Amino acid sequence: MAVRVQRLPRRRQPREPHRLFWAVLAAPGIIWLTVLFIVPFYAMLAIAAGYVNQVFGYPVAAWNPLQWSSANLGAAWRDLVGTGAFVGPIAVRTLIYVAVASLLSLLIAYPTAYFVARFAGRRKGLFLVLLIAPFWISYMMRMLAWVGLLQPDGYVNKALGLVSLGPVNWLGGLPLTVILGLVYGYIPYLILVLYAGLDRIDPALIEAGRDLGLGRVRTFLRVTLPMSRQAILTGMLITVLPMLGDYYTNQLLSGTTGTTMLGNVINNQLSTPGLQGEGAVFSLFFLLALMIPMIYYVIRTNRTSREAM
Amino acid sequence: MTTTTATPAPAERAGTAARSALGRLRPRRNPWRHPWFLEGWTWLYLLWSLVPVGIAVLFSFNNGQSQSIWQGFSWRWYFADPVNSVLHDPNLHAAVIQTVRLAFYVTLITVPLGVAFALGINRWRGYTAATFNFVMILSFVIPELIFGVAMFFVFTTLFTTVGLGTLAETLALVTWNLSWPAIIVQARLVTIGRQYEEAAADLGSTHWQVMRRVMLPLLTPAIFASAVLVFSSVVDDFVLVDLLNSNSGNTPMSVYIYSQQKGGNGRPALNALGTIMLVMSLVIVIIGYIGYRWMTRGERGSRVDAIATLAGSD
Amino acid sequence: MHPREGWSEDGPPRPGVSRRSFLRTSASAGLLAGGLGPLLAACSAGGPPAGAAGTTAIPLPRPSNPVTWPLFKDNPVIKSGLQPEQGTLKIYNWVAYINQQCLKDFAKKYNVPVPQVTTFNNTDEAMAKLRSGQVSFDIFFPTIDLMGQLVYGKLIQPLNHSYIPNISQAWPDFADPFYDGKWRYTVPYTIYTTGIAWRKDKVPENPYTMANPWAMLWQPKYKGKVAILDDYREGISLGLMKNGIYNLNTTNASQISASSAALLDLAHLTNVHIDNNDYTEVPAGQIWIHHSWSGDMAPAASYMPKGVPVDVVGYWFPPDGRGPVGNDLITVLKGAENPVLAHLFLNYMLDLHNGLTNYTYTGYMQPLNGITPQRLVQEQLLPKSLMSTTVRPSDFRRGVMELQLPVPANALWEQGWQRVKSA
């Protein structure tokens with residue numbers, strides 16, 4: 001005989017009244033972002049849609065949307081896809097460089113983080129200190145040291161000479177140098193994030209996988225890798241997105257025009273009187289293009305955290 | 001958390017299958033052996049990462065102005081040179097002080113703000129939360145130069161009471177770095193899950209107690225990691241501070257280093273300064289470590305546990 | 001500050017950007033206005049916010065068109081005979097462009113604290129901060145093309161000559177220069193030329209015997225070893241001169257695009273580097289032919305690697321003097337807290353001994369009567385092989401200066417350069 005079970009009222013949000021607590025907690029950050037990020041963001045829009053002071057050459061922002069001008073937008077669009085456009089190929093080149101660099105970063109960072117998280121044992125402290133050390137020495141100092149090493153008569157070429165490999169002109173506009181430079185600059189962040197994520201993986205689960213007959217590689221592929229997905233995603237977020245806007249690496253390690261990246265274009269325009277409005281427009285295009293990965297990250301994180309509940 | 005989908009075959013059958021798949025010629029290897037490949041990989045990476053640091057330190061003792069040609073050993077840039085050494089150049093003193101000052105102010109504001117923001121946004125579901133999460137990420141990906149330009153504009157025409165100077169630099173840097181703790185803590189929250197909170201709530205704690213006694217301790221590694229990142233990000237930052245400084249009293253080291261690289265006629269004292277900063281950071285970390293050990297005396301076991309906890313494991 | 005100044009006969013005038021910009025592409029550049037308060041208010045009314053429509057024109061100084069800047073009632077000269085203030089002088093200058101020793105000696109002489117130097121990386125940044133009114137300096141080191149903005153923007157104050165008798169030590173040209181008649185607002189600071197630095201031991205060609213020395217850079221056999229300066233005026237000027245055009249303030253669009261094309265050609269032939277690190281790269285041998293500034297090459301001796309003599313470094317400037325020359329200026333800012341002390345500082349820097357001290361650090365000479373190439377070599381401040389880095393009065397008078405351009409022409413120059421940089 002069926003028993004009638006009284007259905008409990010279904011709540012969409014468990015613990016409704018507690019939302020207020022979390023809202024209050026987030027409030028200071030929200031107010032801060034509104035005043036000090038959203039307002040400047042609007043200022044950026046106003047500059048992008050603004051004018052140029054004809055006397056002194058500085059950009060004049062158009063605060064009132066009714067007065068927005070599309071001059072800068074037109075110029076930017078022409079430079080992107082019009083005749084004689086030079087920004088399109090640069091954007092493609094940037095994507096390629098960043099794709100290669102982030103893949104390389106992941107390939108280098110993951111084993112390292114994995115090793116330190118799981119196998120370092122007693123020397124974990126030492127490894128961590130060494131991994132964090134790059135953060136203490138200014139990024140610029142490290143890169144300048146590399147510039148010294150990569151000179152035609154620098155130590156890298158000398159080392160290559162020892163194994164009879166010809167001297168390479170590393171700093172003469174080699175895309176490889178720029179890509180490696182990108183990797184070098186951003187990998188410490190990736191390692192730290194991956195470490196934090198991999199560290200959380202319960203070794204018992206891995207042992208369980210082994211016990212159930214998976215070899216090392218398959219344990220990794222079926223147990224560890226899926227569990228580190230969130231860490232990889234976060235790591236990629238903090239690596240790929242800033243890399244796309246990077247200009248300094250190319251400026252420092254190449255200095256020739258064959259390897260300019262999107263960041264260099266934006267940087268040059270923002271530094272040029274009269275072209276700052278166009279630079280602001282390109283920054284907006286750039287952000288628009290990044291919307292997709294950003295939205296993906298937010299959705300993914302929400303889904304994963306809901307699964308974790 | 002995803003679970004493995006391996007079929008629960010008896011170990012022998014899997015072992016046999018593995019052996020036959022790999023070929024009978026392959027000797028059985030200990031699956032728990034030490035991963036020499038991974039360790040070698042790690043050491044190679046560390047070498048690649050830290051050799052330039054060594055070089056920077058080395059050239060701070062260079063007897064000439066060059067950054068790549070060794071011209072002899074000397075203490076010139078530390079104290080021997082009566083005009084341009086770290087000890088004698090008042091601009092460099094001011095720069096160090098400003099760097100440290102900014103780094104501390106910004107870290108002290110950003111980390112609590114970011115952690116609270118992350119906790120709040122993550123637990124408070126809804127469209128407003130998602131929107132601001134998105135805004136926070138936007139603040140992370142926006143190219144720094146355009147953000148700096150907009151901030152300069154805002155501080156000189158809209159919020160003129162702030163003007164330029166240390167306050168402006170601090171406000172801009174906090175906004176710029178807010179995403180570090182926000183993202184890292186959120187990532188950690190995702191993996192922690194809700195079970196601890198719910199257990200504590202079931203046992204009768206209020207929200208504040210849950211926060212203080214459950215969430216924050218669990219998040220300590222993430223908080224520490226984000227503090228390290230924010231601190232070093234501020235020390236390195238030159239775009240924002242260059243735009244927002246108003247005199248040499250509020251110009252940090254990074255601006256000098258950047259100018260040197262781009263054509264200032266040689267300030268090798270900066271390498272000396274960098275080395276000093278490195279030593280100072282090491283000292284701070286050691287003090288922090290000793291302090292942590294002292295604070296948690298009686299609770300913790302070995303030394304490695306302490307470092308490991310501070311830096312990321314549970 | 002009032003952005004209300006108007007248009008010249010050529011159209012709306014627009015200041016060219018400094019040719020002496022160490023950091024043309026630096027991250028810290030590209031600045032926005034300060035003082036847009038009134039503009040903001042105007043924005044709420046209908047119509048685009050224009051800084052245009054004015055009635056007075058800002059003149060563009062040229063050697064053939066000398067300008068005497070007006071004096072304004074609300075920007076008076078300070079009184080004579082005052083005692084110097086005892087405060088800290090605040091100087092706003094390029095990076096590493098003044099010898100700290102000079103500042104220390106000044107402090108000792110006048111019994112004041114050592115002057116404090118704040119630096120900027122390029123003139124856009126400097127002007128943006130000065131216009132914003134949020135900074136407070138006493139002394140500023142501008143370039144000639146900023147004079148219009150500085151005077152009409154009332155950012156600098158006219159000088160009281162009674163405090164600056166040392167002007168007699170400077171070349172007589174500077175008592176009435178074309179860019180500042182009767183030296184109302186400025187005294188000269190450094191003087192320099194733009195030429196070609198090369199490594200004699202790596203490059204057999206001698207620019208002094210070449211038909212078109214500027215084309216020395218365009219040789220594919222030196223691929224990867226050639227560099228040009230990262231400055232839009234210098235870059236396009238190089239292209240113009242290679243094409244035989246010596247009007248470095250040209251407004252002719254086809255000349256400018258021909259220059260741009262020549263530079264793109266250079267990039268393809270030699271994979272040219274674009275940077276301002278000539279002072280280290282040539283001594284170290286990383287670059288063999290570098291388009292460079294005279295003052296960057298003068299201190300080459302202190303950048304040579306151990307065992308390499310300094311005379312392998314050469315610097316060429318056209319012997320007939322028809323090449324780019326320039327000079328920087330020192331001015332006193334309007335809101336200066338220590339105006340008398342500032343005037344005394346200007347006087348101090350015009351003194352021969354201090355000029356020589358400054359030279360030992362910066363490598364850039366000042367146009368003082370006592371600073372001659374022979375003197376510098378004799379006092380062992382300059383190796384004989386680099387005597388060409390000094391500027392003689394004849395060079396200065398025959399040379400071509402890169403001066404302020406009218407707005408549309410400046411835009412052409414900028415765009416041409418952008419193309420080169422993004423090839």
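1. In this predicted model, 95 residues of chain A are in contact with 95 residues of chain B (C-beta atoms, placed from the backbone, within 7 Å). Helix α1 (residues 19-48) of chain A supplies the largest share of the chain A side, 19 residues; helices here are DSSP runs of H or I with at least four residues, and strands are E runs of at least two, numbered from the N terminus. By class, that side of chain A comprises 64 nonpolar, 22 polar and nine charged residues (nonpolar: Ala, Val, Leu, Ile, Met, Phe, Trp, Tyr, Cys and Pro; charged: Asp, Glu, Lys and Arg; polar: the others, Gly among them).

2. Within chain B, helix α4 (residues 90-123) packs on helix α8 (residues 179-192) at an angle of about 45°, the axes being 8 Å apart. Axes are lines fitted to C-alpha atoms over the stretch in contact, and angles run from 0 to 180 degrees between N-to-C directions.

3. In chain C, strand β4 (residues 187-199) pairs with β8(C) in the antiparallel sense over four bridges (pairing requires at least two DSSP bridges). C:Arg199 has C:Val313 as its bridge partner in β8(C).

4. On numbering, residues count from 1 along each chain as its sequence is written. Chains are lettered from A in the order in which they are written, and local features need pLDDT of at least 70.

Notes
This is a predicted model: local features need pLDDT of at least 70, side-chain atom pairs count only at pLDDT 80 or more; totals for chains, interfaces and linings use all residues. Two residues are in contact if their C-beta atoms, placed from the backbone, lie within 7 Å.
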